[in-house]
Amino acid sequence: MSPESTGQNKHNLTAYRRGFRTWRGNRPFWAGLFTMLGGMPIAYFPYADLHLGNMTLAMSTTTGSAALIIGALLITLGLTMWFHHIVRVFAGVAAILLALISIPLANLGGFVVGFLLALIGGALSASWAPGEPKVDEETPQDAADPLAPAERQPENMPAESVLHGATVPQQQVGDHDAASGHDGGTHRAG
């Protein structure tokens, strides 16, 4: 094994870490993770047998199907937070509601562990907002300005003629006859 191959592997690992960090920063990653981790104990505990010495404690109840559905929906909402982050508020509110419903329907929300994790994940998702991109210090001040010089409103132009930073073109008065629909052979766009 040559010394170059170790450096190459280290570079690939660093590139993957940076790529994952960028991916994680563009979505509510921790909200999705907490929501999925909250769905697992809610779905698992009604079907699990706990062995304490010679005694077996079975938590299977008539609400086992409800617990499985709630747990599966929470895991699905966690994945939705990761891969369709545009619906993060809906997914967060739905996760909070499912966590609250899991208290009476799924063994106290997976012995309160799943309830708390899903509640925290839903709250993080509903409150997450995408961050602002960083501006390098080496760029000139005009590049950091959100309004480029061409988009800035001149001082002598009234504010009514500006719509979201763009000027509204003035209508040209021509020989358009509104009653007959005849506009002199010109197109309206031209």
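**Group meeting: a walk through the predicted model**

Let's start at Trp23, which is partly exposed at a relative accessible area of 23%. On that scale, buried is under 20% relative accessible area, exposed is over 50%, and partly exposed is in between, using a 1.4 Å probe and protein chains only.

Before I go on, some housekeeping. This is a predicted model, so to speak of a local feature we need pLDDT of at least 70, and side-chain atom pairs count only at pLDDT 80 or more, while totals for chains, interfaces and linings use all residues. Numbering runs from 1 along each chain as its sequence is written, and side-chain values use heavy atoms, with hydrogens and water left out.

Now, which kind of ring pair do Trp23 and Phe29 make? The structure holds 10 aromatic pairs. In the one between Trp23 and Phe29, the ring centres are 6.2 Å apart and the planes sit at 75°, so that pair is edge-to-face. The rule is that rings of Phe, Tyr and Trp (its six-membered ring) pair if their centres lie within 6.5 Å; planes under 30 degrees apart are stacked, over 60 edge-to-face, and the rest tilted. Phe29 counts as buried, at 10% relative accessibility. Ring pairs also join Trp23 and Phe29 into a cluster with Phe20, Trp30, Trp82 and Phe83.

Next, the overall layout. The protein has seven helices and four strands, in the order α-α-β-β-α-α-α-α-α-β-β along the sequence. Those are DSSP runs numbered from the N terminus: helices are H or I with at least four residues, strands are E with at least two. Of the 190 residues, 23% are buried.

Arg27 sits in the loop between α1 (3–25) and α2 (29–44). Buried or exposed? Arg27 counts as buried, at 12% relative accessibility. Its side chain reaches the backbone oxygen of Trp82 at 2.6 Å. Leaving out residues up to four places away in sequence, Arg27 touches Met81, Trp82, Phe83, His85 and Trp128, where a contact means heavy atoms within 4.5 Å.

That brings us to helix α3, residues 64–83. With 20 residues at 1.5 Å a residue, α3 should span 28 Å, and its end C-alpha atoms are 29 Å apart, which agrees. The expected span is 1.5 Å times one less than the number of residues. Buried residues of α3 include Ile70, Leu74, Leu77, Met81 and Trp82. Looking down the axis of α3, the buried residues fall within an arc of 155°, so they line one face of the helix. That arc is taken from the directions from the helix axis to the C-beta atoms.

What about the core? The largest nonpolar core has 15 residues, and Ile42, Ile70, Leu74, Leu77, Met81, Ala95 and Leu98 have the most contacts inside it. At least two residues of this core come from each of α2, α3, α4 (88–105) and α6 (113–127). Such a core is a set of buried Ala, Val, Leu, Ile, Met, Phe, Trp, Tyr and Cys residues joined through side-chain atoms within 4.5 Å. Setting aside neighbours within four places in sequence, Leu98 is in contact with Ile70, Leu73, Leu74 and Leu77.

Most residues other than glycine have a negative phi. Leu108, in helix α5 (residues 107–111), has a positive phi near 55°, and Leu108 is exposed at 52%. Val112, in the loop between α5 and α6, has a positive phi of about 65° and is partly exposed at 39%.

Key
A polar contact is a pair of N or O atoms within 3.5 Å; within protein, one must be able to donate a hydrogen and the other to accept it, and residues adjacent in sequence count only if both atoms are side-chain atoms.
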